[in-house]
Amino acid sequence: MQTRWERLFSMWQSDQNNLPLTVDLIDSLCQAGQFEQCQSVFDSMPKSLVDTPEVCAKNIEFLFHLNQIPQALEQAQSLCELTNNHAISLHYLGLARYLSGDVQGVLALAEVPNLTAETQVLVARALYHKGELSKALALVTSLDLPEAVGLAAMLYYDCNELDKANHCADMVLSHSDNQMDALLAKASILVNRQQMDEANGFIDRALVLQPHSGRALSVKGQIQFFNTQLDDATETFEQAVKYMPDHIGTWHLLGWCHFVSQRIDLAQQAFEQAMNLDRNFADSHGAIAAVLAVKGELAAAANEAKVALRLNPASYAGLYASAMIAHHSGDEHGASQIINGIMSDESHIPGKTNLDLISTVIKQRQLSRGV
């Protein structure tokens, strides 16, 4: 039995000047992953069709499928010239710029009137990338588009407004179960609440959609780390920083994986990568202090711990390093006081201390093992 694209291709061979049929065929071939066949269609179609805006747009989409972003960007610029900056052409241009990492180029489109809602979402993503969360939120919350609501879920999550993030994610997923931002936000919220089994289901769905998403891989690694699957977590975090090399938090998670696994030199390398991204992040100094304490370099460790606690007196890494320094210096009482203070602090979950969370995890694992 012939597939849809095979039927369309058979029809197209006898009617190659038919523009709607050509567009339909290209869509069908891309959806089926028949990229070589699609290339042959572009190579053999009449010149009169090649220069039409519709086929130019499909060619850009085809180049996106092949991950040929520079070529897609060039074609998108040509399409804008061909259509006198039609709003849909500008969307292709914005998407090509975004995928090529040209955040400023995407933001430049914000000055153009009558952008499509989809292009405005791209502008919001560019604002998000630059850390302008409030501006990005103001833009996406004005748009009636599932992708905008999904992006709002992630923005609310990063603003620590978890109830709003959860509401937006649920709203999108109730209508579409494959919206990437909503899946990622939902998984992140559940990790934050330590509901790891539920989180794992959402993040696995996200990774099916985008297997090279650094943010999704980072969440997957957190679940594995929580479940003490240290080798798996290490491998996942290594993939995450490959695709997201400027994410300090993931470098830290990778570093702590190595640290717990007693791969101290590798831990130090990961923490130094985080330090190179932002020398004013307290936990980077604290983490390096912990590494130096393990190595017995107590004076250097103490200096790094002081920097960490000067930048943030509540830095867990800085406090933990201080406890380690006290321990390696023979001050067991001082080390215990610091650790007890950390354990009695309120956790990220209101009404629960860090000790409460650790006790809950221990009980869950004992129950799962039948202890």
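This is a predicted model: local features need pLDDT of at least 70, side-chain atom pairs count only at pLDDT 80 or more; totals for chains, interfaces and linings use all residues.
Residues are numbered from 1 along each chain as its sequence is written, and side-chain values use heavy atoms, with hydrogens and water left out.

Now the overall picture. The protein chain has 23 helices and zero strands. Both are DSSP runs numbered from the N terminus, with helices being H or I of at least four residues and strands being E of at least two. The C-alpha trace spans about 85 × 50 × 40 Å along its principal axes. Of the 371 residues in the chain, 46% are buried. Here buried means under 20% relative accessible area, exposed means over 50%, and partly exposed is in between, using a 1.4 Å probe and protein chains only.

Let me take you to one helix pair, α7 and α9. Helix α7 covers residues 87-99 and helix α9 covers residues 117-129, and they pack at an angle of about 25 degrees with their axes 9 Å apart. Axes are lines fitted to C-alpha atoms, for helices over the stretch in contact, and angles run from 0 to 180 degrees between N-to-C directions. So α7 and α9 are roughly parallel to each other; angles under 35 degrees count as roughly parallel, over 145 as roughly antiparallel, 65 to 115 as roughly perpendicular and the rest as oblique. Their crossing is left-handed, which is the term when the near helix is turned anticlockwise from the far one by less than a right angle, with right-handed for clockwise. If you want to find the meeting point on screen, the residues on the α7 side include L90, H91 and Y98, and those on the α9 side include L122 and R125.

Next, a stop at S213. Where does S213 sit? Its place is the loop between α14 (196-209) and α15 (214-226). S213 is buried, with a relative accessible area of 10%. The side chain of S213 reaches the backbone nitrogen of A216 at 3.2 Å. That is a polar contact, meaning a pair of N or O atoms within 3.5 Å; within protein, one must be able to donate a hydrogen and the other to accept it, and residues adjacent in sequence count only if both atoms are side-chain atoms. Not counting residues up to four places away in sequence, S213 touches M180 and L207.

Moving along to α16, residues 230-243. Buried residues here are A233, T234, T236, F237, A240 and V241, and the buried residues of α16 pack against α15 and α17. T236 has a relative accessible area of 8%. Leaving aside neighbours within four places in sequence, T236 is in contact with L217, K220, G221 and Q224.

Q194, in the loop between α13 (180-192) and α14, has a positive phi near 60 degrees. Q262, in the loop between α17 (248-260) and α18 (264-277), also takes a positive phi, of about 65 degrees, although it is not a glycine. Is Q262 buried or exposed? Q262 is exposed, at 67% relative accessible area.

Last stop: α18 and α19. Helix α19 covers residues 282-294, and the two pack at an angle of about 160 degrees with their axes 9 Å apart. That makes α18 roughly antiparallel to α19, and their crossing is left-handed. Among the residues that meet are I264, F271 and M275 in α18, with H285, I288 and L292 in α19.

Why is α19 described as largely enclosed by the rest of the structure? Because 11 of its 13 residues are buried. Its cover includes α17, α18, α20 (298-311) and α21 (316-328). From first C-alpha to last, α19 reaches 19 Å, close to the 18 Å expected. Just after α19, G296 takes a positive phi of about 85 degrees.

Key: Contact means heavy atoms within 4.5 Å. The expected span of a helix is 1.5 Å times one less than its number of residues.
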